[in-house]
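Colleague: Before I rely on the terms used for this predicted model, I would like to go through the reasoning behind them with you.

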Amino acid sequence: MVELDYRGARASNAGDEFHELWAVRQALALLEPASELKAITVEGVLAAAHKDTASNVWDGVDCALYFGSDTVATASRIDLIQLKYSPSDPRKAWTMARLCSNSSKKGNNSVLRRLSAAFGGARKERGESETGIRVRLISNQPIDPDVVTLFAAIASNAKLTAAINIEKEKARKATGLKSEDFRRFAAGIDWHQDVSRFAIEESVLRTISTWTEGDARSVLDRLQSYVARMMMPEGHGRWIAKESLFAQFGFSDSRAFFPCPVQIAPVANLIHRAASEAVLVAMQEGKQY
């Protein structure tokens, strides 16, 4: 039996590929006609309006999704995402101890500190408002249920037991935030376990194959290479928009994908009928009559 080598560059390459494929999957949503997603950045955010904002504020942002507009300040919603991938130990949970772990001799590079720094930076850009800001840890490893429960309790200002309050204080100190700002941060955080990079790759290939008659694999390779280039230092301050994706498919505009714009207008005032509800339920359950 061959023992797999998960050390050094191999593990790093696996993590980079997960990052690239995850960003490609999000980027495909830019091409959907009704999508509110307007731009994506990798390795940081678009240039900040506040020039005094320290550059390391965004060090924990592996990917940012901008909805409604393409800047931190004007987006109706912005997702600030830190991606973590482990090929060797996918079952290892993200406990509070791991989230607070700091390996830096100067400063703090824990997951919670980096997420909280990005949250604070986004609040500053948006006039000290946390509305529309979501900070996300996305990993192929599970999140410890105790972590999810604790942050939900903090966000709702629930009364905590003495033991849980100790864990809360550990987390707050790791973020470096004051109590009320920490509560806001807890309300804006999202924990998500994603699938392996192989499953993401398969999903992206299926999506591409429904949009083009060309070789889906070659299109994915171009998209992944494009994202990888955007992750380089030269890509700083640039974003991925739908127009930049068309070229990767070999087209110049959206009509190549959607030649017939949707003409069906949404109905504002529906008249609910029991028969219609029954048909809808049957369709959702896959029943045929």
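Colleague: Why is D79 called buried?
Modeller: The term applies under 20% relative accessible area; D79 has a relative accessibility of 0%, and therefore counts as buried. This residue is found in strand β3, which covers residues 77-84.

Colleague: What makes the pair formed by the side chains of D79 and R77 a polar contact?
Modeller: The limit for such a pair of N or O atoms is 3.5 Å, and the side chains of D79 and R77 make their contact at 3.1 Å.

Colleague: How do you know that β1 and β2 pair?
Modeller: At least two bridges are needed between two strands, and β1 and β2 (residues 63-67) have five, in the antiparallel sense. In β2, L65 is the bridge partner of I40.

Colleague: Which order do the strands of the open sheet follow, and why do β1 and β5 stand at the edges?
Modeller: The order of the five strands is β1-β2-β3-β4-β5, with mixed pairing. β1 (37-42) and β5 (189-193) each have a single partner strand, so one side of each is left without a neighbour in the sheet. On average, neighbouring strands of this sheet are turned by 20° against each other, direction ignored.

Colleague: Which strands does helix α3 lie across?
Modeller: Helix α3 (residues 111-125) lies across β3, β4 (133-139) and β5, and runs at about 155° to β4.

Technical notes
Residues are numbered from 1 along each chain as its sequence is written. This is a predicted model: local features need pLDDT of at least 70, side-chain atom pairs count only at pLDDT 80 or more; totals for chains, interfaces and linings use all residues. Side-chain values use heavy atoms; hydrogens and water are left out. Helices (H or I, at least four residues) and strands (E, at least two) are DSSP runs, numbered from the N terminus. Buried means under 20% relative accessible area, exposed over 50%, partly exposed in between (1.4 Å probe, protein chains only). A polar contact is a pair of N or O atoms within 3.5 Å; within protein, one must be able to donate a hydrogen and the other to accept it, and residues adjacent in sequence count only if both atoms are side-chain atoms. Axes are lines fitted to C-alpha atoms, for helices over the stretch in contact, and angles run from 0 to 180 degrees between N-to-C directions. Contact means heavy atoms within 4.5 Å.
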